[in-house]
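Please open the structure in your viewer and keep the selection tool at hand. The tour below goes from stop to stop, saying what to select next and what is there.

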Amino acid sequence: MNTLSLLESVRVLPVVVIRRPEDTLPTLRALEEGGIPAAEITFRTPCAAEAIRTGVRELPQMHIGAGTVINAAQAREALEAGAGFVVSPGLSAEVAGVCREAGVPYLPGCATPTEIMQALALGISTVKFFPANVYGGLEAIRALSAPFPQVRFLPTGGVNEENLRDYLACDSVAAVGGSFMMKGDIRANCRRIAELLK
């Protein structure tokens, strides 16, 4: 599945921080049972690769990828663990190269016209817009879409239940990302979000 198809199928990409390996399956199952069968497991903790490996093995029906990947070594570790896609907070040509060789979707963080042009030069036309709330949110995405009509965005940062429908109503937005569903009852949060998406 390519990047755009993945995002358009899930519409909401949860950003998941796993701090203990034993939390992996309960967390991922809560997302899936709530109606969001996807997770971007971040490389902010030492057990990230193990969590991805466990999730991919035990829940093959879910879309599980790696987030906060900032260099080639992390990208390789994520792909060896079975990550189905890779997300970065910024644009890394070396991470893009590793993902391209592996045939795995890469979503780099891009917030300026220069970064978007660099992504396009690497053959990437779907990008993470991060942090969306700091860089102008939906207004900025609409402005960037004028010179870059071929680019689709995954806004992350400041996205929540109150504004996600506004973001998703924009043709240039493929999906939204965030950790807003991870606080409290994950299942109930996801069910509420799934209802909003109907």
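A polar contact is a pair of N or O atoms within 3.5 Å, where, within protein, one must be able to donate a hydrogen and the other to accept it, and where residues adjacent in sequence count only if both atoms are side-chain atoms. This is a predicted model, in which local features need pLDDT of at least 70 and side-chain atom pairs count only at pLDDT 80 or more, while totals for chains, interfaces and linings use all residues. Residues are numbered from 1 along each chain as its sequence is written, and side-chain values use heavy atoms, with hydrogens and water left out.

Select Asn189 to begin, in helix α9 (residues 186-197); helices are DSSP runs of H or I with at least four residues, strands are runs of E with at least two, and both are numbered from the N terminus. The side chain of Asn189 reaches the backbone oxygen of Lys183 at 2.6 Å. Asn189 counts as buried because its relative accessibility is 8% (buried means under 20% relative accessible area, exposed over 50%, partly exposed in between, with a 1.4 Å probe and protein chains only).

Next, select Phe129 and Phe153, both of which are buried. Which aromatic pair does a search of the whole structure find? One pair is found, and Phe129 and Phe153 form it edge-to-face, at 6.1 Å centre to centre with 80° between the planes (rings of Phe, Tyr and Trp, its six-membered ring, pair if their centres lie within 6.5 Å; planes under 30 degrees apart count as stacked, over 60 as edge-to-face and the rest as tilted). Phe129 is in strand β6 (residues 126-129) and Phe153 in strand β7 (residues 152-155), 24 residues apart.

Finally, select Ala169, in the loop between α8 (164-168) and β8 (176-178), which counts as exposed because its relative accessibility is 60%.
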